[in-house]
Amino acid sequence: MKLTSPIKISYKNLMAAKFRSFLTILGIIIGIASVIIVMAIGASAQQLIIAQVSGVGSNLVGVLPGASDEKGPPASVLGIVTTTLKQSDLDAVLLKKNVPNAVAASGYVSGIGTAKYKNNSRQNNFQGVSADFIDVEKNDLSSGRFFTDEEDSGLARVAVLGSNTAKELFENEDPIGKMFSLKDVNFTVVGVLALKGGSAVSNPDELVYMPLSTAQKILLGIDYLNFMRVKIDNPENITRAVADIKYTIRTQHRIKNPNDDDFSVRDTAQALNMITNITNVLKYFLAGIAAISLLVGGVGIMNIMLISVTQRIREVGLRKAVGARNRHIITQFLIEAVFITLVGGIIGIIFGILISLLAAVVINALGYEWEFLISFSSIVVATMVSAAIGLLFGLYPARKAARISPMEALRYE
Amino acid sequence: MKLIEVENLVKTYDSEGVQTQAMRGLNFTIEKGEFVSIMGPSGSGKSTLMQILGMLDRPTTGAYLFEGKNINSYSDDELSKLRNKKIGFVFQSFNLLPRTTVYENTELPLLYDEDHLEVHNKEKINKALAAVGMSHRIQYLSNQLSGGEKQRVAIARALVNDPEVIFADEPTGNLDSKSGLAVMRILQKLNDDGHTVILVTHETYTAQHAKRILNMKDGQIISDELVKNRLVADGEGELLK
């Protein structure tokens with residue numbers, strides 16, 4: 001039997017009942033489109049998160065207080081305050097003889113307080129950082145300067161403002177050289193950072209930065225670091241630098257057995273790995289949910305094929321009378337089912353791509369670096385899945401059609 | 001040469017526990033090249049007989065030999081093949097595929113003839129359509145045709161694979177007398193050309209176009225005789241009722 005004939009026949013049958021065919025195909029269109037959309041948006045979201053994390057710098061190594069196993073989060077992330085990381089550790093890491101690949105390092109402490117200037121006041125997060133901060137992070141100053149090591153060790157009451165904080169506190173005034181208060185302590189603004197863009201975790205545009213020692217001793221009354229970041233000269237040297245940093249801090253803390261570490265060292269590659277794993281799970285989980293609608297679409301196909309078999313019972317009888325065998329009839333109805341689902345699948349893919357593109361345009365207009373990502377494999381998989389659904393849900397009606405006795409079929413009114 | 005031999009043929013239908021005997025032991029033979037009418041009132045079993053002779057169904061007991069071989073020795077697929085190559089059907093209700101051209105309807109049996117796919121198909125189809133005078137409607141859709149034209153296409157479809165025997169089940173039943181006459185003329189012409197034709201009808205007038213009449217009643221043959229004053233459908237309307 002020629003293959004073109006059943007395709008032509010199913011096309012004719014589809015066109016004969018356009019609205020019913022449309023409703024049937026709609027189930028498949030929605031299913032395939034939602035899988036494509038979920039996969040595309042998932043991939044783009046993943047890309048966005050990874051870009052933000054790697055934007056911090058791929059040659060950064062973080063040191064956090066408290067032990068942790070390799071895969072789990074460090075204790076400090078869970079809100080447990082650990083006080084084992086000190087300024088002396090930071091100084092040791094910066095010594096060339098300890099970690100030769102470290103080019104800069106900053107300690108971090110953070111807190112929140114009310115910032116006031118004239119009549120303006122706002123609840124503001126602040127960070128105490130080392131003078132090296134501007135080297136460690138990829139931040140630029142839009143005006144003024146960053147504070148110096150001397151200002152740090154001298155507990156100078158100077159501050160560098162995130163761009164949004166500067167705008168809201170000082171409105172149209174130039175903040176450089178002006179004095180504002182934070183937690184009732186007066187600070188002089190020496191610089192303003194350039195707009196960096198939102199990171200979900202902490203937005204540098206909303207912060208007030210001040211010398212580490214000033215924050216520790218005057219505002220917070222602590223002598224430990226929340227964490228520190230070390231900039232390594234070259235991403236290739238990270239593994240060695242991580243080992244050096246661990247050794248240095250162990251020596252500082254007089255730890256002999258690595259299992260007794262009271263700190264953890266993380267590099268961005270590790271963090272990226274973790275984030276990729278988490279977002280992958282989310283992406284496939286959502287695609288799985290979307291795939292359920294495909295199953296519903298498949299049941300719709302089965303239903304319509306069963307109706308089609310009943311409506312065309314005389315046709316089946318005639319075909320058998322002129323010599324069609326059971327497998328000819330099965331093939332014909334299967335091809336019809338696959339034809340319907342493939343048409344639905346292709347329309348679904350087109351809709352899915354268009355909607356993902358639209359989403360990308362809208363999200364980009366909202367100011368995110370959102371890449372439009374459609375993987376070729378998701379299109380191939382969607383096409384194959386829709387064909388497979390046609391086969392799966394077309395099989396029962398096709399077998400039912402083939403089992404019709406030609407005699408009874410020709411008698412059927 | 002014997003084409004069809006039937007010995008003590010019985011068909012019993014079992015519907016929800018109620019048994020109906022549609023054929024109660026039939027015996028007859030049909031030679032190659034005959035034109036036989038199977039006649040009888042509705043419920044006489046003539047349609048059941050045609051379905052069994054046409055290999056659309058199997059007898060309950062008894063033997064049906066086609067070209068000397070018992071059809072019970074064939075599998076369903078082999079019967080499909082026999083129907084495809086040796087038998088042509090013409091039905092009362094035409095049974096053309098809707099929204100399909102005259103050409104494609106005629107082609108249908110060839111699509112299932114796996115031994116001769118694509119061989120001289122076009123020639124065969126044109127020849128069959130010429131034989132029923134439908135060459136001028138070749139690209140028409142089946143639903144654009146009149147009843148008489150539909151039945152002529154159905155005959156072309158029955159003819160296209162050059163079968164041994166053509167079964168016509170009340171072929172004039174849905175037609176006006178003029179179209180019916182045209183159909184009978186074609187069947188007689190086919191018989192003249194050597195085809196065996198078996199016609200099932202309840203009308204004496206139509207039956208008398210055949211050469212022999214098997215009369216059935218209550219599942220049995222009550223008479224089997226040659227037609228004395230055979231009607232010939234040749235002129236234009238002279239034999240109209």
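Helices and strands are DSSP runs, a helix holding at least four residues and a strand at least two, and both are numbered from the N terminus. In these terms, B:D162 lies in the loop between α5 (147–159) and β7 (165–169) of chain B. The structure described here is a predicted model.

Residue B:D162 has a positive phi of about 55°, although it is not a glycine. It is exposed, because 12 other C-beta atoms lie within 10 Å and a residue with 12 or fewer counts as exposed. A positive phi in a residue other than glycine is also found at B:D218, where the value is near 50°. This residue belongs to the loop between β9 (212–217) and β10 (220–226) of chain B. With 14 other C-beta atoms within 10 Å, B:D218 is partly exposed.

Chain B contains an open sheet of four strands in the order β2-β1-β4-β5, with antiparallel pairing. At the edges of this sheet stand β2 (18–31) and β5 (69–70) of chain B; each has a single partner strand, so one side of each is left without a neighbour in the sheet. Strand β2(B) is joined to β1(B) by 11 bridges, and the two run antiparallel. Within this pairing, B:K11 stands opposite B:M23 in β2(B). The two strands form a hairpin with two residues between them. In the turn of the hairpin, B:E16 has a positive phi of about 50°. Strand β1 (residues 2–15) of chain B is also joined, by five bridges, to strand β4 (residues 61–66) of chain B, again in an antiparallel arrangement. On this side, B:V10 has B:T61 in β4(B) as its bridge partner.

Just after α4(B), B:G133 takes a positive phi of about 70°.

Chain A has 13 helices and 10 strands. Of its 413 residues, 40% count as buried. Among contacts in chain A between residues at least 6 apart in sequence, 81% join residues at least 24 apart. In helix α3 (residues 87–94) of chain A, the residues A:D89, A:L90 and A:V93 are buried. Viewed down the axis of α3(A), the buried residues fall within an arc of 100°, so they line one face of the helix. Their cover includes β2 (102–117), β9 (227–232) and α8 (238–253) of chain A.

In soluble globular proteins, nonpolar side chains tend to be buried together. The largest nonpolar core in the model has 109 residues, of which A:I32, A:I36, B:I38, B:A156 and B:F167 touch the most other members. Helix α2 (residues 18–55) of chain A gives the most to this core, with 13 residues. Leaving aside neighbours within four places in sequence, A:I36 is in contact with A:G348, A:I349, A:G352, A:I353, A:S356, A:S378 and A:A382. A second, separate core of 53 residues includes A:V158, A:V189, A:M210 and A:A215.

The contact between the two chains takes 18 residues from chain A and 18 residues from chain B. On the side of chain A that touches chain B, the elements giving two or more residues are α1 (4–16), α10 (313–321) and α13 (406–411) of chain A. The largest share of this side, five residues, comes from α10(A). By type, the residues of the side of chain A that touches chain B divide into nine nonpolar, three polar and six charged.

Definitions and conventions. Residues numbered from 1 in each chain as written. Chains lettered and ligands numbered in written order. Predicted model: local features only at pLDDT ≥ 70, side-chain atom pairs only at ≥ 80, totals over all residues. Contact = placed C-beta atoms within 7 Å. Nonpolar A, V, L, I, M, F, W, Y, C, P; charged D, E, K, R; others polar. Buried ≥ 20, exposed ≤ 12 C-beta atoms within 10 Å, placed from the backbone. Arc of directions from axis to C-beta. Pairing = 2+ DSSP bridges. Core = buried A, V, L, I, M, F, W, Y, C linked by C-beta atoms within 7 Å.
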